[in-house]
Amino acid sequence: MGGHSSESDISLKSGEVVYQYLDRSKFNGYRILITKEKWVCLDENEEEHPVDRNNFSVPQPSGTLHFDCVFNAIHGSPGEDGLLQAYFELVGIPQTSCDHYQSALTFNKRDLLSVLGHYGIKSATSYYLNWGDAVDEQAIIAKVGLPCFVKANKAGSSFGISKVYLKEELKPAIENAYKEDDEIIIESFLDGTEVSVGVITYRGETKVLPITEIVSENDFFDYEAKYKGKSREITPAKLSAQQERKVSEVAKRAYDILKMKGYSRSEFIFVGDEPYMLEMNTTPGLTIESILPEQAKVAGIGLAELFESAIVEALR
């Protein structure tokens, strides 16, 4: 838990929930805090024991602690962008999220939507910018229109995102997005119902969880709406049978096309009955308030079982 990004605080909460709910009759759980400054194992007294990064072990007076499996609860870098996945593959330790390529691809919104577009999965019209590019406001508006969304390409939890109504709001929004990433995606505004679809590997099969409808009190589903109670998350979502079928099929298809493993949570907006994909999260929030645990609960899967299933699949 932890990580290098703006999502580290949320990751710490997710990690604590996993640690709290793991079935102690089956698992010996340990909390590993990873930051830019240190990798440490926290004991029950919150004392820190350094992790040996050569083989991801923890030297202790009573003997070196080796792990059978890693439960990945790091949102953002390095747990959701492929870095830790590649590391654990190299040191030979199973981990609960998808493999390093899938993680890096899905963390990059531009690349993800480009790949899935070839399979007929729809997304908003978009415009790309990299740090140092000239900002041609007229060209941006001509392509995506107003209002539009300016987003950091590789960031989660709605960090670095702005909804832009006027031409003069574009540059401040772009500067805000560059605080999170040196790549930006600017997308056309899609006016419709927003939903979140959890897809997991469960008992060896791809399982679509009950769908969540997002109703934000703010102008869109920003950080405040997500984590400070400024939204309603309705599970199961109030969708027509056709909408539910379509978005479930698209979310499962995307998961299978990408050869995903572990948890995923994909965000869509309906335009009429057509779901348009916004992004896919491969290490979604696991706090008590988070969407994926709520979806699992509605599906009759408790937290202990949800977390156990991820470990069992990783060890498989």
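Buried means a relative accessible area under 20%, exposed means over 50%, and partly exposed lies in between, with a 1.4 Å probe and protein chains only. This is a predicted model, in which local features need pLDDT of at least 70, side-chain atom pairs count only at pLDDT 80 or more, and totals for chains, interfaces and linings use all residues. Residues are numbered from 1 along each chain as its sequence is written, and side-chain values use heavy atoms, with hydrogens and water left out.

The tour follows salt bridges, each a side-chain nitrogen of Lys or Arg within 4 Å of a carboxyl oxygen of Asp or Glu, and the structure holds 16 of them.

Select E249 and R245 to begin, where a salt bridge has its closest N and O atoms 3.5 Å apart. Both residues belong to helix 8 (residues 241-257) and sit 4 residues apart, about one turn of the helix; helices (H or I, at least four residues) and strands (E, at least two) are DSSP runs numbered from the N terminus. E249 is partly exposed at 45% relative accessibility, and R245 is partly exposed at 42%.

Next, select R31 and E16, whose side chains meet in a salt bridge at 3.1 Å, N to O. This pair links distant parts of the chain, with R31 in strand 1 (residues 31-34) and E16 in helix 1 (residues 8-21), 15 residues apart. R31 is buried, at 5% relative accessible area, whereas E16 is partly exposed, at 32%.

Finally, select E48 and K38, which form a salt bridge with the closest N and O atoms 2.8 Å apart. E48 is partly exposed, with a relative accessible area of 40%, and K38 is partly exposed, with 30%.
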